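Here is a short report on one protein chain. Please look at the sequence and the model before reading on.

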Amino acid sequence: MITLEWLLDRVVVCYSGCWVWAGADSGTGRGGGYPKAFSKGKTFYVHRAVYQTFKGKIRRGYQVDHVCRTRRCVNPDHLEAVRPEINQQRKHKANGTARHV
């Protein structure tokens, strides 16, 4: 289980309010750049674990959207569980680019 202390030890808090993950990520390819960590023999996506810890269960078929458009952000206030089509609409509305943190 993720604790706030564990999380804050591994992020850079930016003026934008983003908590930018300072650890490993999923790489630079398509769909890359999402924060990853390793615990108890398993690799997991940090933003999803943060959402589940601080906001609750992610409904089946839903994605965790970074409303700030910054993939490495793990601030629970910047994460929202949405249907995939909503996530894509938001991405295209933001021109598919991450906001500078």
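How many residues lie between strand 3 and strand 4 in their hairpin? There are two residues between them.

## Model and confidence

This is a predicted model: local features need pLDDT of at least 70, side-chain atom pairs count only at pLDDT 80 or more, and totals for chains, interfaces and linings use all residues. Residues are numbered from 1 along each chain as its sequence is written, and side-chain values use heavy atoms, with hydrogens and water left out.

pLDDT is the predictor's confidence in each residue, from 0 to 100. The protein chain has a mean pLDDT of 89. In this chain, 92% of residues reach 70 or more. Helices (H or I, at least four residues) and strands (E, at least two) are DSSP runs, numbered from the N terminus. Among these elements, strand 6 (residues 79-82) has the highest mean pLDDT, 97. Helix 3 (residues 84-93) has the lowest, 88. Where pLDDT is low, the predicted coordinates should not be read in detail.

## The hairpin

Strand 3 (residues 36-39) and strand 4 (residues 42-45) run antiparallel. Four bridges join them; strands pair if DSSP finds at least two bridges between them.

Lys40 is in the loop between the two strands. Its phi is near 50°, a positive value in a residue other than glycine. Most residues other than glycine have a negative phi. Lys40 counts as exposed, at 79% relative accessibility. (Buried means under 20% relative accessible area, exposed over 50%, partly exposed in between, with a 1.4 Å probe and protein chains only.)

The charged end of Lys36 sits over the ring of Tyr45, 5.2 Å from its centre. The rule requires NZ of Lys or CZ of Arg within 6 Å of the ring centre and within 35 degrees of the ring normal.

Arg69 is in the loop between strand 5 (63-66) and strand 6. At 19% relative accessibility, Arg69 counts as buried.

## A buried histidine

His47 is in helix 2 (residues 46-54). At 5% relative accessibility, His47 is buried. Leaving out residues up to four places away in sequence, His47 touches Tyr34, Pro35, Val64, His66, Cys73, Val74 and Leu79. Contact means heavy atoms within 4.5 Å.
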